[in-house]
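Dear colleague,

Please find below the structure I am handing over to you.

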Amino acid sequence: MSWHEWALGGVLVSPFLVAALVALLLTVGLRLLLRLTGLGRWIWHEALFDLALFVIVLGGVVAAMGRL
Amino acid sequence: MKTSLRIAVTLAMVALAVVAGYGLWHHYMVAPWTRDARIRADIVTLAPDVSGRVMELRVRDNQHVEQGEVLMVIDPERYQAALDEARAIVEVRTQEVRLREHEASRRTRLGQSISEEQRENAQIAAAIARSQLRQAQAEVRLAELNLQRTQVHAPRAGQVTNLRLAQGNHVAAGQAVMALVADGSFYVQAYFEETKLPGIRVGDPVRIWPMSTGAPLDGVVDSISQGITDPNARPDSQLLADVDPTFDWVRLAQRIPVRIRFSAQPDGQRLSAGMTASVQVLDAGQERP
């Protein structure tokens, strides 16, 4: 996986911060989608599910960014 | 039935999350990459060999110079005078040698009419005069060298950096006045956490992202430093170890310098020594296309 800083106007941040923000937005989007499609009924423990979903999305985002 | 399915779905998600989390952990804590790397180069600090006023400064700041090029000329008058003096002394000593040798040979020829002691003294005086001549000749060589050294040459090709010297300044022998960044000497010093060192071997391929350029550069692990400073090993005024009595519950992995050489010296890229870079060690044999 390739890594370098994200330059935001001279301020360089760890790519992990960007990955976490993107993952958070994606998780919120996915969660809304689940609720709208009615699949949300199949969730047993919402908080646990949300955490798991976030970690999975984060892992995916980090892996995807590494391929850029 | 429905409840157990709901539980199963959620637990499956958690299991997946554990896998993803492990991957993240591995990537951030174990994979050998660092954002803490600096581009470095050989810096040649130039000090004049003789003291004096700078008569002529032939370089500008950030100018590229070739090896052997004259960078500045120090006022040669004093060294010229010293050379003239040394040559005059050689002349005097040469005449003195002539005189003494003449004396000695005449006294040898006189035979028994003068004492043995006088003959011997004359020969010793001639020998002393010859040694003094050699001494004077050595001083001429020294004066010549000093005169030559009033012209300061570039020891290596490179770029003059941070030139603060002005024409007319007085410079002292042995005191650095100019720095050269030697051509083609760029390398990367990457500071890896101790915990990541087991994944790094000398010769491993490396990818380098200088902060200034978009495109990555290729490199190779050149060597791994064998030592960093230990703050507890600093001796006090009595040479006893000054050991810090506090120790933290939480401690950070220290960083070890790893030297990385560029596979090809980056010519087209505008690199400066001191720039920051990110570095990743690629596994040998697993290099990505």
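The buried residues of helix 1 of chain A are P15(A), A19(A) and A23(A); buried denotes 20 or more other C-beta atoms within 10 Å of a residue's own, with C-beta atoms placed from the backbone. The model is a predicted one, in which local features need pLDDT of at least 70 and side-chain atom pairs count only at pLDDT 80 or more, while totals for chains, interfaces and linings use all residues. Residues are numbered from 1 along each chain as its sequence is written, and chains are lettered from A and ligands numbered from 1 in the order in which they are written.

Helix 1 of chain A covers residues 15–37, and its 23 residues reach 33 Å from the first C-alpha to the last, close to the 33 Å expected (1.5 Å times one less than the number of residues). After this helix comes G38(A), with a positive phi near 85°.

Chain A contains two helices and two strands (DSSP runs of H or I, at least four residues, and of E, at least two, numbered from the N terminus). Their order from the N terminus is β-β-α-α. Of its 68 residues, 25% count as buried.

As to the interface, 21 residues of chain B are in contact with 20 residues of chain A (C-beta atoms, placed from the backbone, within 7 Å). On the side of chain B that touches chain A, helix 1 of chain B supplies the largest share, 14 residues.

Yours sincerely

Note on methods. A residue is buried if 20 or more other C-beta atoms lie within 10 Å of its own, exposed if 12 or fewer, and partly exposed in between; C-beta atoms are placed from the backbone. Two residues are in contact if their C-beta atoms, placed from the backbone, lie within 7 Å.
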